[in-house]
Structures are given as C-alpha cells and as structure tokens.
Amino acid sequence: MIKNALASALIWLIAMLITGVFAWLLADIIIHGLPHLSWSFLVEAPGNAGRSGGIGPVIISTGLILLVAVITAVPFGLATAVLLSEFTQRNSRLGRLVRGSLDVLSGVPSIVFGLFGNAFFCIYLGLGFSILSGGLTLACMILPILIRTAEEGLQATPNDYRLASAALGMSRSATLVHLLLPAATPALIAGLMLGLGRAVAETAALIFTSGYVDRMPDSLFDSGRALSVHIYDLSMNVAGGDANAYSSALVLILLLLFINSIALSLANHWLHRSVVTV
Amino acid sequence: MKKLGIVVTLIVLTGAVWGLLRIQSNETKIEKLVLTGSSTIAPLAAEIGKRFESFHSNVRVDVQTGGSSRGISDARAGLANIGMASRGLKEDEKDLLNFTIALDGVSIILNKSNPVNALDKQQIIDIYTGKIANWKEVGGNDAAITVVSKAEGRSTLELFLHYFSLKNTDIKPQVIIGDNQQGIKTVAGNPDAIGYVSVGAAEYEAGQGAVIKLLPLAGIAASVENVRNRSFPLSRPLNLVTRGEPGGVARQFIDFASSPQVNDLIEAQFFVPVAH
C-alpha cells in the first residue's frame with residue numbers, strides 16, 4: 001500500500017517537475033517579452049542592429065523559408081513513404097537501405113546540414129545566401145522525420161482496406177488516394193508538425209544558408225534572416241539586444257502554436273471529407 | 001502508373017526551380033554587394049549598409065557572418081566582395097588589402113563579486129595556462145578559477161594570444177565561448193570565472209547592471225575612452241578587406257564606411273571611430 005502510494009507520488013512529482021520546467025521557461029519569455037510586443041514590433045524593420053524597431057522582415061523571411069521547406073519536403077517525403085510502405089517488402093534490400101540512410105540522416109547535427117547547404121545550394125548550385133537555399137536545406141533536414149512518421153501512419157492502416165479495395169477491383173493508386181492516405185492523414189500531419197517544429201527552431205542550418213540580412217526580401221533569391229537567427233544574434237552578439245530577443249522568442253512560440261493549430265484544423269477538415277473515418 | 005507520377009512530379013519541380021532561376025537572371029539590374037566575416041563587425045556593417053542603400057537606391061548590401069577567418073577566405077576566393085576581419089592581416093594574408101573603419105579594445109573581465117581588482121600580465125598568463133588554478137594565489141577567495149576562452153577562429157582570441165605571447169594550445173580553458181555576449185553572460189553567471197571580451201560591449205553591459213567588472217591592463221583602465229586615445233594596449237582594428245584594389249560600388253562602400261558620416265553608427269555599436 002505504502003509502496004503504491006510512494007510510486008504514484010514519485011510519478012506525479014516527476015510529471016510536475018517536467019511541466020514546471022516548461023512553465024518556468026514560458027513564464028520567463030512571456031514576462032520579459034510581452035512588454036515590448038506590439039503591432040509596430042511585428043511589422044517594422046529592425047533598427048540599430050535589432051536593438052530598436054521590430055521584426056517585420058524577419059517574420060516574412062521565416063515564413064518564406066518554412067514554405068519552401070514544406071513545399072519541397074512534403075511531396076518527396078510522401079512519395080518515399082508510399083514507396084517504403086506500399087511498394088517494397090518490409091525486408092527488401094532497397095527498403096533497408098533507404099530506412100538505414102534515413103536513420104543516419106535524422107541523427108546528423110544541424111550544423112552539418114548548414115555546412116552541406118552552404119556548400120551545395122549556395123556555392124555549387126549558385127543560389128547564394130538566399131531564402132531558397134535555407135528552405136531547401138531545412139527540407140533535407142526534416143525529410144527523415146517526415147518520411148518515418150508518414151510510413152508508420154501508412155503501415156498502421158488495416159490491411160483489410162487494401163484487400164477489400166482489391167476485391168472491389170480498385171486500382172492500387174485509387175486505393176492509395178481514396179483510402180490509405182486519408183486514413184494516414186493524422187500521422188502525416190503529426191510528422192509535418194514535428195518537422196516544422198524542428199525547422200522553425202533551427203539556427204545553425206540557416207545562418208550559413210539563408211543568411212543574416214534583415215531587409216524585407218523581394219524574392220526567394222534574397223538572403224533573409226530567420227527568427228531563430230535573429231534571436232541568436234540579439235542575445236549572443238549584440239550588446240543590449242536582450243529585450244527584443246525575448247519578444248522575438250515569444251513571437252516564435254506564438255508562430256509555432258499558430259502553425260500547429262492550422263495543421264490540426266486542416267487535418268480535421270480532410271478527415272471529415274474523406275471516405276474513411278478512423 | 002505511380003512511377004510515372006513520381007517522375008512527372010520531379011520534372012515539374014526541376015522545371016519550376018529552373019524557371020525561377022531564369023527569371024532571377026533576367027532582372028539583375030540591382031547591384032549586390034556581399035560582405036562576409038567577423039560577427040563583431042556584422043551588426044555594424046549591416047547598419048552602414050542600410051544607410052549606404054538609402055543614398056544608392058540601385059545597390060543592395062548583404063551582410064553575412066561566420067568569423068574573421070571566413071571573411072578573409074571568402075574575400076580571397078571571391079565569394080564575397082568585401083570581407084570583414086576584426087583583426088589586422090597576418091603575414092600570409094598580405095595579398096589582401098585592408099581598410100580600418102573602427103577600433104575595438106579587448107578587456108579582461110571578472111565577476112563583480114570577485115575581490116580581485118587587478119592582475120598583472122604574468123598572472124593572467126599563469127591563469128590561462130593553468131599554472132594558477134585558485135583565486136587565493138592572486139589574493140582572492142579560496143575558489144577554483146573558471147577559465148573562459150574563445151573558440152578557434154575568433155579574432156578576440158587571436159588578439160589575446162598575440163598580446164600575451166601565447167599559443168592556443170597553451171590555454172587550458174574550462175569554458176569555450178563564441179561571441180562577446182556569451183562571454184559576458186558566462187562570467188556574470190559564475191563568480192569565479194575570468195574571461196576576455198570587447199571593451200565596448202563589456203562597458204555597456206556593466207553600465208546596464210551586468211555583474212561584471214573590467215580589469216585594467218598594465219595600469220590603464222579598460223574603457224572606450226582609452227581605446228580611442230590608443231593608450232589601452234589590448235586593442236584591435238575592425239577591417240574591411242578586399243582582394244585587389246576595390247572598384248565601383250565596393251570602393252564607394254569602403255569610402256563611405258571610413259567617412260565621418262557613419263561615426264554615430266560606429267558609436268551606437270560601442271566601437272571607436274577612426275575617421276574625423
């Protein structure tokens with residue numbers, strides 16, 4: 001009896017501790033960041049190396065970088081996941097090779113992706129420091145997590161679906177589009193959110209690819225500073241930039257919540273429209 | 001069928017990228033000036049760039065960071081029009097030209113609660129080489145010294161090593177940091193730490209209530225004033241470097257950055273202007 005009570009007390013304590021750390025972090029950012037947060041902070045350009053002014057161009061650049069990353073990573077990720085789960089045997093050589101390389105890729109530190117992106121996209125492909133380079137580098141970075149979650153989602157759909165639709169004479173592509181992908185949507189969205197979460201917090205991969213320029217970008221070929229790079233620069237490189245760094249961190253958290261809620265509502269929307277409800 | 005779909009997607013994506021590239025190459029009327037290098041100079045260069053753009057509407061100044069060594073190698077390789085280096089050029093870098101736009105001093109900093117108020121040159125060398133490991137040996141508390149040093153490639157490190165005639169392998173640091181702000185935060189958060197950072201940044205942060213103090217060097221107080229009158233011994237130039245004589249926009253930018261028109265920007269970044 002006492003043992004039981006002790007065990008549950010311990011579990012509660014650990015859970016509270018973890019929640020407490022998160023709450024502390026959030027409270028710290030809100031307390032320091034909220035006083036400077038205003039509409040003008042969100043739309044104005046940074047001034048005096050970021051100490052004054054706002055983060056308007058930085059938010060736009062961040063959004064564009066994420067957009068490039070998602071638009072590139074989702075088709076490739078989805079296609080690879082479909083290949084792995086629907087068109088190869090679990091233990092085939094190709095499947096093992098692709099899965100193995102994805103596992104290695106997902107463990108690669110982001111600075112390595114940054115240096116790769118700099119060498120390949122910026123210099124070799126001649127894209128220079130640009131939002132495109134940054135977005136493509138992030139796409140490479142989030143692909144492994146995207147593919148693995150999408151693959152798990154597809155494999156989790158009951159095999160009865162495949163058998164039943166084959167019995168009805170549906171083609172494999174029709175089965176995929178009308179049954180399997182809708183059924184796997186929650187997993188796909190979860191993977192996308194995990195990937196986006198990693199991407200939006202990325203500094204090391206972006207400072208050498210999308211760069212440091214805090215001007216409003218005219219095109220995807222312009223260098224654009226991401227929010228995380230801006231926060232890093234303000235807190236680590238600019239004396240007196242702490243206040244705006246806190247506010248920018250708050251905006252980053254709000255942006256992440258916003259992206260997550262959009263993704264969730266999209267997932268719900270698609271689920272209601274699909275043939276299969278899980 | 002599906003393979004065909006994937007192939008089509010690939011072709012469309014490649015086409016889209018190429019299309020975007022073509023559009024870009026057709027509208028390059030705007031002249032781009034790329035600066036890379038020292039993270040110390042980068043915020044200043046970005047501000048000078050903004051003011052320069054306001055006078056030259058057809059020019060865009062893109063500033064990227066990565067450290068002085070990167071600035072020098074990018075300028076040499078032609079990846080950047082102008083490199084930024086917060087140190088003088090070394091012997092094997094004399095193939096490049098350098099233009100000093102401002103000065104910065106490097107100061108030894110301690111936590112404010114540390115009773116030690118001055119260290120002589122030999123004591124600092126002994127602390128950084130690990131011969132002195134406890135503050136009581138230099139008249140402080142009985143506490144182990146936390147030696148904070150900078151990462152390889154940082155010009156502050158090179159300047160520090162040069163002044164104290166040390167090699168990086170001689171230094172026995174407990175903490176290795178990158179930027180000035182990181183150094184100030186590390187020392188402010190550890191009462192037994194010793195570090196070295198930019199005088200301008202340290203003076204500003206100390207004035208803003210950071211729990212650090214700047215140690216005098218060879219009897220001369222570490223202050224922006226003493227860097228300006230060049231009496232402070234541990235100071236460094238902030239340089240723009242180019243491969244060969246700069247022409248066109250690069251020339252204009254360097255002239256602009258060396259003129260008194262940007263003195264207020266230099267002072268706003270806690271550096272010391274050289275132009276009068």
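In this predicted model, the axes of helix H6 (residues 180-188) of chain B and helix H7 (residues 199-207) of chain B come within 10 Å and cross at roughly 45 degrees. H6(B) and H7(B) are therefore oblique to each other. In chain A, by contrast, helices H6(A) and H8(A) are roughly antiparallel.

**Helix contact in chain B**

- The crossing of H6(B) over H7(B) is right-handed.
- On the H6(B) side the contact is made by B:Asn180, B:Gln181 and B:Ile184, which meet B:Ala201, B:Ala202 and B:Glu205 of H7(B).
- The residues of this contact between H6(B) and H7(B) comprise three nonpolar, two polar and one charged.

**Helix contact in chain A**

- Helix H6 (residues 131-156) of chain A and helix H8 (residues 172-200) of chain A have axes that come within 8 Å and cross at roughly 150 degrees.
- An angle over 145 degrees counts as roughly antiparallel, and H6(A) and H8(A) are therefore placed in that class.
- H6(A) and H8(A) make a right-handed crossing.
- H6(A) contributes A:Leu138, A:Met141, A:Ile142, A:Ile145, A:Leu146, A:Thr149, A:Ala150, A:Gly153 and A:Leu154 to the contact with H8(A).
- The residues they meet in H8(A) are A:Leu180, A:Leu181, A:Ala184, A:Ala187, A:Leu188, A:Gly191, A:Leu192, A:Leu194, A:Gly195, A:Arg198 and A:Ala199.
- By class, the residues of the contact of H6(A) with H8(A) are 15 nonpolar, four polar and one charged.
- An α-helix has 3.6 residues a turn, so residues three or four places apart point the same way.

**Aromatic pairs**

- Over all chains, the count of aromatic pairs comes to twelve.
- One of them joins A:Phe120 and A:Phe121 edge-to-face, at 5.1 Å centre to centre and with 70 degrees between the planes.
- In that pair A:Phe120 is partly exposed, at a relative accessible area of 31%, whereas A:Phe121 is buried, at 7%.
- B:Phe52 and B:Phe253 form another edge-to-face pair, with 5.2 Å centre to centre and 80 degrees between the planes.
- B:Phe52 belongs to helix H2 (residues 42-55) of chain B and B:Phe253 to helix H9 (residues 248-257) of chain B, so their pair ties together parts that are 201 residues apart in sequence.
- B:Phe52 counts as buried at 1% relative accessibility, and B:Phe253 also counts as buried at 1%.
- One aromatic cluster is formed by B:Tyr128, B:Phe160, B:Tyr163, B:Phe164 and B:Tyr196.

**An enclosed helix in chain B**

- In helix H5 (residues 155-163) of chain B, eight of the nine residues are buried, so this helix is largely enclosed by the rest of the structure.
- The buried residues of H5(B) are B:Ser155, B:Thr156, B:Leu157, B:Glu158, B:Leu159, B:Phe160, B:Leu161 and B:Tyr163.
- Of these, B:Phe160 and B:Tyr163 are also members of the aromatic cluster.

- B:Leu33 is part of strand S1 (residues 31-37) of chain B and is buried, with a relative accessible area of 3%.
- B:Leu33 and B:Arg60 lie 27 residues apart in sequence, while their C-alpha atoms are 6.1 Å apart in space.
- Apart from neighbours within four places in sequence, B:Leu33 is in contact with B:Arg60, B:Val61, B:Asp62, B:Asn81, B:Ile82, B:Val249, B:Ala250 and B:Phe253.
- B:Gln64 sits in strand S2 (residues 59-65) of chain B and is buried, with a relative accessible area of 1%.
- Not counting residues up to four places away in sequence, B:Gln64 touches A:Phe129, A:Gly211, A:Tyr212, A:Val213 and A:Ser223 of chain A, along with B:Leu35, B:Thr36, B:Gly37 and B:Met84 of chain B.

**Chain A overall**

- Chain A has eleven helices and two strands, in the sequence order α-α-β-β-α-α-α-α-α-α-α-α-α.
- Along the principal axes, the C-alpha atoms of chain A fill a box of roughly 70 × 65 × 35 Å.
- Of the 278 residues in chain A, 47% are buried.
- Among contacts in chain A with a separation of 6 or more, 73% are between residues 24 or more positions apart.

Conventions: Residues numbered from 1 in each chain as written. Chains lettered and ligands numbered in written order. Predicted model: local features only at pLDDT ≥ 70, side-chain atom pairs only at ≥ 80, totals over all residues. Heavy atoms only, no water. Axes fitted to C-alpha atoms, helices over the stretch in contact; angles between N-to-C directions. Helix = DSSP H or I, 4+ residues; strand = E, 2+ residues; numbered from the N terminus. Parallel < 35°, antiparallel > 145°, perpendicular 65-115°, else oblique. Left-handed = near helix turned anticlockwise from the far one by under 90°. Contact = heavy atoms within 4.5 Å. Nonpolar A, V, L, I, M, F, W, Y, C, P; charged D, E, K, R; others polar. Phe/Tyr/Trp six-rings, centres within 6.5 Å; stacked < 30°, edge-to-face > 60°. Buried < 20%, exposed > 50% of the residue type's maximum accessible area, 1.4 Å probe, protein only.
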